[in-house]
Amino acid sequence: MIEAQGLTKRYGATVAVDNLSFEVKPGKVTGFLGPNGAGKSTTMRMILGLDTPTSGTVTIDGQRYRDLHQPLTKVGALLDAKWVHPNRSARAHLMWMAASNKLPKSSVDRALEMVGLTSVANKRAGAFSLGMSQRLGIAGALLGDPGVLLFDEPVNGLDPEGIVWIRNFMHRLADEGRTVLVSSHLLSEMALTAEELVVIGRGRLIAQSSTQEFVDRASGTTVKVRTPELDKLAAVLQGQQLKTRIEDVGEQGKVLFVEGDLTTDQVGEAAAAHGIVLHELSLQRGSLEAAFMQMTGDSVQYHAQDDVAAVTHVNLEAPSGAEVAAGPKEDN
Ligand SMILES: Nc1ncnc2c1ncn2[C@@H]1O[C@H](COP(=O)(O)OP(=O)(O)OP(=O)(O)O)[C@@H](O)[C@H]1O
């Protein structure tokens, strides 16, 4: 379990993290979302003791990182997969990590096995693809068999196979009862990976909830209806004060959408009461992208007004290789 209480970090005049409180529970993958510059990396660095909070606390299973005995056995992290010495083999890299953290050699073989790198363990890490480097980074995070894991942008730059592998692996770690916190800009991917969300903007908490609740709260639900009696059904529903719209959706022809917080039962019953035949009746949920844009809109705008070009947009596409690393940043 990770617990942040009033966590604040200032860099000079910049408030990177602002009185942030949240909980990340075990047994689930929790997505850590926010527009560029929202304070995700700074928060992760504070969780890992790489940055000191200006005020507030963040604990791992009730203890601050600096008070943990053998921290790698409590928390593992993948912040920047490219910090491996290129001439070292994967095994040598992990052996070095294990030795410097007083972990047994057997932990190396176990971690290599978990991430599926056993067969290439003696190859130069410098020759690894990005996907393999990510796995090696994850093996490093798993060396101490920790109950808490942090991943900063683990899927950036990966091909679809690598993305699916990471997604399944995160689920497996959570199913084993671990606490998994993962940040990403790839919202469609996060919608599939994260069951819970912590969403921040301008260093402040915007939402903490399940992914489903977050999407439903922001965008509500819509009922889609296909019927040969579109206008008749629309009139019936409007008579019940429901908002309807008819859209041409290509191959399916014209479709009726009923908006507001309602269920398919209500629409089905209204249609039955008027003898209207239905060809389709389905609940349409909003997307995480749409919900995220709606919920974080203000915090993105704020940065745009400040003319900080790097943080004016929410990056929904896979970023370029240059943006892959999300490790500690230098003072500027
Ligand atoms: N070492 C530092 N010195 C000064 N300012 C910093 C430092 N690290 C981060 N910041 C500032 O703090 C704010 C939060 O940055 P942070 O990198 O934590 O955000 P982020 O949500 O991880 O962003 P991104 O999604 O772009 O990685 C930004 O305004 C950033 O410029």
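The centres of domain 1 and domain 2, taken over C-alpha atoms, sit 39 Å apart. The model is a predicted one: local features need pLDDT of at least 70, side-chain atom pairs count only at pLDDT 80 or more, and totals for chains, interfaces and linings use all residues. Residue numbers start from 1 along each chain as its sequence is written. Domain 1 takes in 2-74 + 146-216 + 307-323, while domain 2 spans 221-285; these bounds come from an automatic or database domain assignment.

Overall, the chain holds 10 helices and 13 strands, counted as DSSP runs and numbered from the N terminus (helices are H or I, at least four residues; strands are E, at least two). Of its 332 residues, 39% are buried. Here, buried means that 20 or more other C-beta atoms lie within 10 Å of the residue's own, exposed means 12 or fewer, and partly exposed is in between, with C-beta atoms placed from the backbone. As for contacts (C-beta atoms, placed from the backbone, within 7 Å), residues 24 or more positions apart make 71% of those with a separation of 6 or more.

Next, the sheet. Six strands form an open sheet with mixed pairing, in the order E5-E6-E7-E3-E8-E9; two strands count as paired if DSSP finds at least two bridges between them. Strand E5 (75-78) and strand E9 (204-210) are the edges, each pairing on one side only. On average, neighbouring strands are turned by 15° against each other, direction ignored. Axes are lines fitted to C-alpha atoms, for helices over the stretch in contact, and angles run from 0 to 180 degrees between N-to-C directions. Strand E8 (residues 196-201) runs antiparallel to E9, and six bridges join them; Gly201 has Arg204 of E9 as its bridge partner. Helix H1 (residues 40-47) packs on this sheet, where it touches strand E3 (29-33), strand E6 (148-152), strand E7 (179-183) and E8, and its direction makes about 150° with that of E6. Helix H5 (residues 160-175) lies across E3, E6 and E7, at about 150° to E7.

Just after H2, Lys102 takes a positive phi of about 55°.

Leu94 turns up again in the largest nonpolar core, which has 72 residues; Leu94, Leu112 and Ala139 touch the most other members. Such a core is a set of buried Ala, Val, Leu, Ile, Met, Phe, Trp, Tyr and Cys residues joined through C-beta atoms within 7 Å. H5 supplies the largest share of this core, with six residues. Neighbours within four places in sequence aside, Leu112 contacts Ala90, Arg91, Leu94, Leu117, Thr118, Ala121 and Ala139. Another core lies apart from the largest one and has eight residues, among them Val223, Val225, Leu233 and Ala271.

Finally, Asp261 lies in the loop between strand E12 (254-259) and helix H9 (264-273). Asp261 counts as exposed because it has 7 C-beta neighbours inside 10 Å.

Technical notes
Two residues are in contact if their C-beta atoms, placed from the backbone, lie within 7 Å.
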